Amino acid sequence: MNFEKIKSDIEKFVSNRKWQDYHTPKNLSMALSVEASELMEIFQWQMENEKAYPKSASKEQVEDEVADVFFYLVRFCQIMNIDLEKAFYYKMKKNAEKYPNQIK
């Protein structure tokens, strides 16, 4: 994954549509929540024996929602000046301390 290109493409996409004024932390966090909810909605009534994609959705629909979540997460990080990779590894370290390895 070329994360720098992705970030650049997102900035270009937003700029070409003059969406900068709408991309506030509040609006982006809400959009992220909406897109995550749309992903969750696909699986809402999935039966326990359905292990992958529910009958009501295609892989493409799931991928679309995952991409939307990713877009808004990256955009939120751009606006808030968050290094997503650094934040991820810092949180993983905290999680490893909070939830120790169970394999002995």
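The dialogue below takes up a surface patch, a pocket and a loop in this predicted model.

Q: Which residues make the nonpolar surface patch?
A: Begin with the side chains. Phe13, Trp19 and Tyr22 make a nonpolar surface patch of about 310 Å².

Q: Where is Trp19 found?
A: Trp19 is in the loop between helix H1 (3–16) and helix H2 (25–43).

Q: Is Trp19 buried, partly exposed or exposed?
A: Look at relative accessibility. Partly exposed lies between the buried cut-off of 20% and the exposed cut-off of 50%. Trp19 has 30%, so Trp19 counts as partly exposed.

Q: How much space lies in the largest pocket?
A: About 350 Å³. Its lining has 14 residues, and the closest to the pocket centre are Phe3, Lys7, Asp83, Leu84 and Glu85.

Q: Which elements give two or more residues to that lining?
A: They are H1, helix H3 (59–80) and helix H4 (84–98). H3 gives the most, with 5 residues.

Q: How do the lining residues of the largest pocket divide into nonpolar, polar and charged?
A: Sort them by residue class. The lining of the largest pocket has 8 nonpolar, 2 polar and 4 charged residues.

Q: What is the place of Gln44?
A: Gln44 sits in the loop between H2 and H3. Its relative accessibility is 46%, so Gln44 counts as partly exposed.

Q: How far apart are Gln44 and Pro54 in sequence and in space?
A: Treat the two separations one by one. In sequence, Gln44 and Pro54 are 10 residues apart. In space, Gln44 and Pro54 are 9.2 Å apart, C-alpha to C-alpha.

Methods
Residues are numbered from 1 along each chain as its sequence is written. This is a predicted model: local features need pLDDT of at least 70, side-chain atom pairs count only at pLDDT 80 or more; totals for chains, interfaces and linings use all residues. Side-chain values use heavy atoms; hydrogens and water are left out. Patches are made of residues with over 30% relative accessible area and no salt bridge: like charges are joined within 9 Å, nonpolar side chains (Val, Leu, Ile, Met, Phe, Trp, Tyr) within 5 Å. Accessible areas come from the Shrake-Rupley method with a 1.4 Å probe; for residues, only the protein chains shown count as cover. A salt bridge is a side-chain nitrogen of Lys or Arg within 4 Å of a carboxyl oxygen of Asp or Glu. Helices (H or I, at least four residues) and strands (E, at least two) are DSSP runs, numbered from the N terminus. Buried means under 20% relative accessible area, exposed over 50%, partly exposed in between (1.4 Å probe, protein chains only). On a 1 Å grid over the protein atoms alone, a cavity is a set of points where a 1.4 Å probe fits but cannot get out, and a pocket is an open set with protein on both sides within 12 Å along at least five of seven lines; lining residues have an atom within 4 Å of a point. Grid points are joined across faces, edges and corners, and a volume is the space filled by probe spheres set on the points. Ala, Val, Leu, Ile, Met, Phe, Trp, Tyr, Cys and Pro count as nonpolar, Asp, Glu, Lys and Arg as charged, and the others, Gly among them, as polar.
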